[in-house]
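Hi,

Here is the structure I said I would pass on. Have a look at it first, then read my notes below.

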Number of protein chains: 2
Amino acid sequence: MTIEEICQRAYENKYITAKLSTTQKDELINRAADDLVKNTTQILAANEIDMKNGKERGLSQGLLDRLKLTAERIEGVADGMRQVAALPDPVGEVSRMWTRPNGLRIGKKSVPIGVIGVIYEARPNVTADVFSLCFKTGNTVILRGGSAAANTNIAMIDSLHASLKSQGLPEDCVLYIEDTTHESVNRFMKMDKYVDLLIPRGGAGLIRSVVENSTIPVIETGTGNCHIYVDEYADIDMALRITDNAKTQRIGVCNAAESLVVHEKVAPVFLPRLAELFKGRVELFADPAARKYLTDSAEATDEDFGREYLDYKMSVKTVHDIDEAISHINHYNTGHSEAIITESYTNAQKFLDEIDAACVYVNASTRFTDGNEFGFGAEIGISTQKLHARGPMGLEALLSSKYIIYGNGQIRE
Amino acid sequence: MTIEEICQRAYENKYITAKLSTTQKDELINRAADDLVKNTTQILAANEIDMKNGKERGLSQGLLDRLKLTAERIEGVADGMRQVAALPDPVGEVSRMWTRPNGLRIGKKSVPIGVIGVIYEARPNVTADVFSLCFKTGNTVILRGGSAAANTNIAMIDSLHASLKSQGLPEDCVLYIEDTTHESVNRFMKMDKYVDLLIPRGGAGLIRSVVENSTIPVIETGTGNCHIYVDEYADIDMALRITDNAKTQRIGVCNAAESLVVHEKVAPVFLPRLAELFKGRVELFADPAARKYLTDSAEATDEDFGREYLDYKMSVKTVHDIDEAISHINHYNTGHSEAIITESYTNAQKFLDEIDAACVYVNASTRFTDGNEFGFGAEIGISTQKLHARGPMGLEALLSSKYIIYGNGQIRE
């Protein structure tokens, strides 16, 4: 099938998916979870081919680790799907309804978006995750995975198609673009005639390319240059605990902290203790004022303050006051997650008000920016743009709305 | 100033606008409304130049009519601004807040989007309308009007700048792109580094060009191929009244009906009466089954069913049942406004459920799709896309959200 044919089939299927009942959707997702586990042997065989190819192509250890499936990981993916099935169905909720003076009753009702395209890289678990989230919300989904996971993805899609078929539902509820060429992505991004939303999940390069070239509305997810600001009135023990957690609990994720901003008044107390804590574990890139207390650090360049290291590295900036901290963060951040550590009521409120980011924390680690940690039960990604959805996206982000209007003959004068 | 400089200035101003208090914003909007009226002479002088240029360039009567300002129209624009000032300030509302098992309190708070760009054509009233809506919601706005209204727009912008200055506020709360070349629009659309949202207001050509070329997130507004479906169980008198209203009350607007879908069972009764009602007023383009009863009609082509006439013209399609009506409408519509005329409870619900459009009506004219008619107090446009906002957009559509999270030392395990 050409890209256009795939998109057209999704388009033609969208009203079918949208009309499925909650029971039909939940039964299918549970069935698909069971089937994935049943098909473990086939999926692992396919995954082995991808792993072998990946090693031959010299993929990094990190990438190979993301790519690798085990029976246990497949069980984990299936459990995630069952959790999605167990969530309340958000489609069809009339969030408000009001009556106009002329008697028209107007209601705002949640509806599926229609056709959602997702472009992702080497994580095969995304295939099942994204399918269950989109299907639960009555959307038809077109997946386009990276070449590294091609065999694994196709094995998982085969399993999903078999589940749909066994429940008497059209296989076109999920379509997969097997063509892994660059041109196929470029063509896909122009299919606004058929596709309502495109979500790129992957590195900054992929996201930038989609933002620049897509004619389909896009939700940007991803990059996080997250800051911890240790205020003049910080509890120093708490600041150390949170900085350590935000930086080192998991380094490769978008909600990990990449930069530390320290009020000059606490620098002499806080920074030597931080140096001790991070010694041999985290490399620091600091401004001259901070380096007085961080003897092992390197000099920070302007680039360091804008960098998402995703590594045991962190930039350090000292500031004269909270206003400078806020300006610095609003200048360098990616609009993801920022935290202040303070006991000052006024500074806490000021930080919450003035920082421009999806998630702004007082006295907590940035690592909580996550659909599950927020209590959404599931996550399609973390939006760093301001339109439609911002921050962790649960099922709601996959819905649109329509106005339903009940009249009794009204005409406009 | 270059386009980049204008966008950068807006970007630098955005945190200033975002921090203004409700009182500051409302006082400024009221002041700006008064000033526009005070500057009537200057604005009308500028408008006269545009009108003269327009006539020389052979602009259509419709366009000249949109372009023309009078003292009365300026009063109307000012009244609209005062209405916006009188609306509740929607910025800073925490719509919900919940506590997680670990004690984190998470709230979802409404915030300005930041910098909003609006590209529009020959309607100078848009200059003041859009400014007041964006300013009320704490956004900095960049306007780019069409060349036909250049002098009028600049006179209005001068008045707005003077009002801002007199209140001690930065003029950069509203920026205007004077360069009316095509290249300036193209450059503007690529300024996603500085601009958070772009709204094109104008014809289908402008909108298509923005959707295809913008790297800034776009909200599509505009085109409406709206249908009236006269069901088997319609009240025929009501159907005639609503069809007449939806087609002829105002022909040049996006919520006017362009196509009529008629159940074959009521065609013999309804269509002859429609022919009589529309005789000499509305030209009909009908399918063969309908033409039996519409002797004056022309044969409808496939193109007719997809056309937004914006004229005293209407296409007519007969159908065997409501499913065919729904398929036909979902195929040809632009996702704007669709109405069913029926006394059948089941068919009304089915139509509301299955029609894919921003606004779906039972027994009312499509002409009600409008921010004021919906009770929003103001309107920035009518979105025909599914992301962020769908249907009439009031102040809410100009807001984003952020999560504010109150912790007491939480770290992620």
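B:Asn363 counts as buried, because its relative accessibility is 7% and the cut-off for buried is under 20%. You will find B:Asn363 in strand S13 of chain B, which covers residues 359-364. The backbone is worth a look there too: B:Asn363 is not a glycine, yet its phi is positive, at about 55 degrees. Most residues other than glycine have a negative phi. Before you go further, keep in mind that this is a predicted model.

Chain A has a case of its own. A:Leu310 is another residue other than glycine with a positive phi, near 55 degrees. This time the setting is a loop, the one between helix H13 (302-305) and strand S11 (313-319) of chain A. Is A:Leu310 buried or partly exposed? With a relative accessible area of 35%, A:Leu310 is partly exposed, since that class lies between the 20% and 50% cut-offs.

Now for chain A as a whole. The secondary structure comes to 15 helices and 16 strands. Along its principal axes, the C-alpha trace spans about 70 × 70 × 35 Å.

- Buried residues make up 59% of its 413 residues.
- Among contacts with a separation of 6 or more, 72% are between residues 24 or more positions apart.
- The chain exposes about 15900 Å², and carbon and sulfur atoms supply 48% of that area.
- There are 45 positive and 58 negative charges, and their mean positions are 4 Å apart.

Next, look at how the two chains go together. What rotation superposes chain A on chain B? The answer is 180 degrees, with 0.0 Å of shift along the axis and an RMSD of 0.0 Å. That is the relation of a two-fold axis. The same surface serves both copies, as 99% of the contact residues of chain A recur in chain B. If you want to find the axis on your screen, go to A:His388: of the residues of chain A, A:His388 comes closest to the rotation axis, with its C-alpha at 1.8 Å.

A:Ser297 counts as buried, because its relative accessibility is 7%. Which residues does A:Ser297 touch, not counting those up to four places away in sequence? They are A:Leu284, A:Ala286 and A:Arg291.

A:Gly62 counts as partly exposed, because its relative accessibility is 43%. For a distance here, go from A:Gly62 to A:Glu232: they are 170 residues apart in sequence and 38 Å apart in space, C-alpha to C-alpha.

Cheers

Conventions: Residues are numbered from 1 along each chain as its sequence is written. Chains are lettered from A and ligands numbered from 1 in the order in which they are written. This is a predicted model: local features need pLDDT of at least 70, side-chain atom pairs count only at pLDDT 80 or more; totals for chains, interfaces and linings use all residues. Side-chain values use heavy atoms; hydrogens and water are left out. Helices (H or I, at least four residues) and strands (E, at least two) are DSSP runs, numbered from the N terminus. Buried means under 20% relative accessible area, exposed over 50%, partly exposed in between (1.4 Å probe, protein chains only). Contact means heavy atoms within 4.5 Å. Accessible areas come from the Shrake-Rupley method with a 1.4 Å probe; for residues, only the protein chains shown count as cover. Lys and Arg count as positive and Asp and Glu as negative; His and the chain ends are not counted. The place of a charge is taken as NZ of Lys, CZ of Arg, CG of Asp or CD of Glu. Copies are superposed by least squares on the C-alpha atoms of residues with pLDDT of at least 70 in both.
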